[in-house]
Amino acid sequence: MDPFADTLRRLREAFSAGRTRPAEFRAAQLRGLGRFLQEHKQLLQEALAQDLHKSAFESEVSEISITQSEINLALRNLRAWMKDEKVPKNLATQLDSAFIRKEPFGLVLVIAPWNYPVNLTLVPLVGALAAGNCVVLKPSEFSRSTEKVLAEVLPRYVDQSCFAVVPGGPQETGQLLEHKFDYIFFTGSPRVGRIVMSAAAKHLTPVTLELGGKNPCYVDDDCDPQTVANRLAWFRYFNTGQTCVAPDYVLCSPDTQERLLPALQSAITRFYGEDPRSSPNLGRIISDKHFQRLRGLLGCGRVAIGGQSDESERYIAPTVLVDVEETEPVMQEEIFGPILPIVNVRSLDEAIDFINRREKPLALYAFSNNKQVVKRVLAQTSSGSFCGNDGFMHLTLDSLPFGGVARLGICLRAHAGQPRVSPSFHGASGMGSYHGKFSFDTFSHHRACLLRCPGMEKIYSIRYPPYSPRKLRVL
Ligand code: NAD
């Protein structure tokens with residue numbers, strides 16, 4: 001018995017009937033989404049507090065208001081985004097009409113993680129609805145309270161013939177993925193990203209994958225350590241470090257490390273008090289599994305700041321590790337928690353080399369008073385996004401695309417004496433992007449259109465056989 005067959009059939013029928021195509025319908029869905037956020041803001045904040053011990057401030061700035069501004073932007077620009085885009089023409093098509101039409105894909109699946117369970121579920125939804133798709137939304141089962149609000153309350157605000165929320169975990173997602181969707185938008189770990197991509201490949205369904213980040217942060221000797229420490233600490237410990245674009249580790253000289261450590265300690269104490277455990281501004285780790293994983297990482301290098309943990313609350317103190325070896329687990333996996341290792345390098349060249357020897361990151365940061373240093377890091381590395389002299393502030397700009405940097409390659413390998421073609425996936429940070437108009441474009445097929453004039457056959461007939469050198473000269 002397929003639990004989703006009826007729902008998916010209903011959504012497909014609505015799409016085929018053209019229900020989601022008119023601009024008025026799309027705008028009504030977006031307005032409904034906005035009303036849901038406004039009318040249930042407190043409920044959402046309570047759910048986020050239950051799931052992640054998230055403060056009202058962090059919930060507001062990183063979940064609710066950011067989603068609301070995406071909705072407002074889409075509502076303001078919807079008709080302009082939907083408009084056919086005229087393109088330049090050649091001599092043979094001067095009298096014709098050539099344009100790109102933005103068409104909805106059809107039935108799309110949005111799969112979300114738990115770390116920003118409102119933002120990362122609803123911001124893709126804004127793009128999918130604005131682009132005129134029918135949508136199945138799969139929130140994360142780990143952010144249980146938020147999932148409940150999304151599954152039980154949100155559908156009242158969006159047309160249910162075109163929209164469904166499917167709660168559940170890997171089993172439900174696996175069953176969903178057996179179906180053919182017209183587009184899949186996934187945010188989560190590289191491990192599950194591979195599962196999603198393989199499932200999509202069976203139907204040749206296009207995907208956007210927003211994956212993980214082990215994001216380097218270079219701190220130059222020429223810097224004000226306290227300013228850098230304030231910014232680093234806020235962005236590393238925001239949402240208890242459970243942020244895909246958080247600075248994951250610092251690269252700096254031993255001298256800068258010595259100046260940075262007291263400044264980081266000062267920032268942490270000012271932000272979270274002498275006892276961060278009792279701070280209302282510091283969250284908790286989402287699950288026992290992640291808590292155990294993070295506690296294991298505290299054994300890497302030497303604890304310079306923090307290091308305390310409490311299993312009963314899944315609490316981990318804002319921590320800084322030093323004397324960390326490149327081969328230790330904390331430098332091998334995405335940390336996704338309130339732990340900041342510092343790795344020493346002797347020069348900017350060594351830092352750039354360190355970054356380039358690893359997987360291309362989701363985000364990259366460089367701090368320096370010297371603009372040339374920041375520009376060199378930008379020019380000589382690659383990453384999904386880059387911010388100089390701050391943390392993930394670039395995310396506040398809906399004029400910038402947000403996503404990873406991926407290469408989908410083909411490698412030839414000998415297998416049983418025969419060359420065998422197999423895909424090699426290097427995109428741990430993901431592929432595709434969204435936010436603002438980029439979301440609308442991600443969820444739209446860009447259809448190439450040429451409308452020719454029905455007459456003029458005499459002129460057009462020059463291209464038909466029998467061919468001759470004279471015809472070639474004219475063309
Ligand atoms: P996850 O990959 O475990 O889960 C993401 C979603 O996939 C959830 O909805 C989950 O139910 C589903 N899922 C889990 N296992 C599955 C399976 N076997 N088959 C099918 N579906 C399955 O990720 P997470 O733990 O929720 O989130 C943390 C990860 O997400 C981190 O790696 C983080 O970097 C990444 N992330 C990336 C971004 C980004 O924008 N690039 C944003 C947030 C989080």
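Me: What makes V136 the bridge partner of L109 in β4?
Reply: Strands are DSSP runs of E, at least two residues, numbered from the N terminus. In β4, V136 is the bridge partner of L109. This is a predicted model, where local features need pLDDT of at least 70, side-chain atom pairs count only at pLDDT 80 or more, and totals for chains, interfaces and linings use all residues. Residues are numbered from 1 along each chain as its sequence is written, and side-chain values use heavy atoms, with hydrogens and water left out.

Me: How do you know that strand β3 and strand β4 pair?
Reply: Two strands pair if DSSP finds at least two bridges between them. Strand β3 (residues 107–111) and strand β4 (residues 134–138) have five bridges, in the parallel sense. So they pair.

Me: Why are β5 and β20 called edge strands?
Reply: The open sheet has six strands in the order β5-β4-β3-β6-β7-β20, with mixed pairing. β5 (163–165) and β20 (430–431) each pair on one side only.

Me: Which atom of the ligand is 2.6 Å from a polar backbone atom of L211?
Reply: A nitrogen atom. For K138, an oxygen atom of the ligand is 2.8 Å from an N or O atom in the side chain.

Terms used:
Polar contact = N/O pair within 3.5 Å; in protein donor to acceptor, adjacent residues only side chain to side chain. Helix = DSSP H or I, 4+ residues; strand = E, 2+ residues; numbered from the N terminus.
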